[in-house]
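Please keep the sequence and the model at hand while reading.

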Amino acid sequence: QTNTFYPFIRCLACRGIISGYSDGTFRPNNDITRGQIAKMVSNAAGFSEDPGPQDYEDVAPGSPFYDFINRLSNRGIMGGYQCGLQPEEPCISPNDLPYFRPNASATRGQLAKIVSNAAGIVTTPTGQFYTDVPEGHPFYVWIMRLTDLGVMSGYPCGRPDEPCDDQQRPYFRPFNNVTRGQSSKIVANTFYPDCMTPQK
């Protein structure tokens, strides 16, 4: 209960949105995978439609994340990678399906985009808030949408590799991998703000 992410993990777990491992752990400091993100976000958004036919070569029907990945993919919220880009991801006839890479990690910027789009947030942010996320940054819009809602935040400037500018702006670290605990906080704050879960 003293863990920073405890209330957010509990909020989602009690609603059946996330789960842990068979040994009773959650592993909040582990990097979250793309497949786990799809499950967490799809469940939090309440998506429950038929996932439809197979979208990705590496996510076959029966895969643990199949339904969640397809639901987000069919809505244009998450996408994959063209086949043939990697030797281990060949194009397979007749469909030449793309690859999703469900076991790959995701970054803070990517998660901001996925969560913002799944929640239907359409505000138009302006101005620079983070030193490392200028207005032309590829994830600027989604990072700022969640920042403006108080869902995501950054890190104080001042580290040797993160010097302070004249406005003492924080850093967001958009290309850092995001953890299971961080993802729980972001998803809970977006879909269940001020979530209160009764004690057992």
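The model is predicted: local features require pLDDT of at least 70 and side-chain atom pairs pLDDT 80 or more, whereas totals for chains, interfaces and linings use all residues. Residues are numbered from 1 along each chain as its sequence is written, and side-chain values use heavy atoms, with hydrogens and water left out. Helices are DSSP runs of H or I with at least four residues, numbered from the N terminus.

**Nonpolar core**
- The largest nonpolar core has 47 residues; such a core is a set of buried Ala, Val, Leu, Ile, Met, Phe, Trp, Tyr and Cys residues joined through side-chain atoms within 4.5 Å.
- At least two residues of this core come from each of α1, α2, α3 (66-74), α4 (108-118), α5 (140-148) and α6.
- Ile-37, Val-41, Leu-72, Met-78, Val-115, Leu-146 and Val-187 have the most contacts inside the core.
- Leu-72 touches Ala-38, Val-41, Ser-42, Phe-47, Ile-77, Met-78 and Ile-114, with residues up to four places away in sequence not counted; contact means heavy atoms within 4.5 Å.

- In α1 (residues 6-13), the buried residues are Phe-8, Ile-9, Arg-10, Cys-11 and Leu-12, where buried means under 20% relative accessible area (1.4 Å probe, protein chains only).
- These buried residues of α1 pack against α2 (34-45) and α6 (180-191).
- Helix α5 is largely enclosed by the rest of the structure, because 7 of its 9 residues are buried.
- The buried residues of α5 include Trp-142, Arg-145 and Leu-146, and its buried residues pack against α4 and α6.
- Gly-150, with a positive phi near 80°, follows α5.

**Helix pair α2 and α6**
- The axes, which are lines fitted to C-alpha atoms over the stretch in contact, come within 10 Å and cross at roughly 20°.
- Helices α2 and α6 are therefore roughly parallel, a term for angles under 35 degrees.
- On the α2 side, Gln-36, Met-40, Val-41, Ala-44 and Ala-45 make the contact, and on the α6 side Arg-180, Ser-183, Ser-184, Val-187 and Phe-191.

**Helix pair α4 and α6**
- Helices α4 and α6 pack at an angle of about 25°, with axes 10 Å apart.
- This angle makes α4 roughly parallel to α6.
- Leu-111, Val-115 and Ala-118 of α4 meet Ser-183, Ile-186, Val-187, Thr-190 and Phe-191 of α6.

Terms used:
Buried < 20%, exposed > 50% of the residue type's maximum accessible area, 1.4 Å probe, protein only. Axes fitted to C-alpha atoms, helices over the stretch in contact; angles between N-to-C directions. Parallel < 35°, antiparallel > 145°, perpendicular 65-115°, else oblique.
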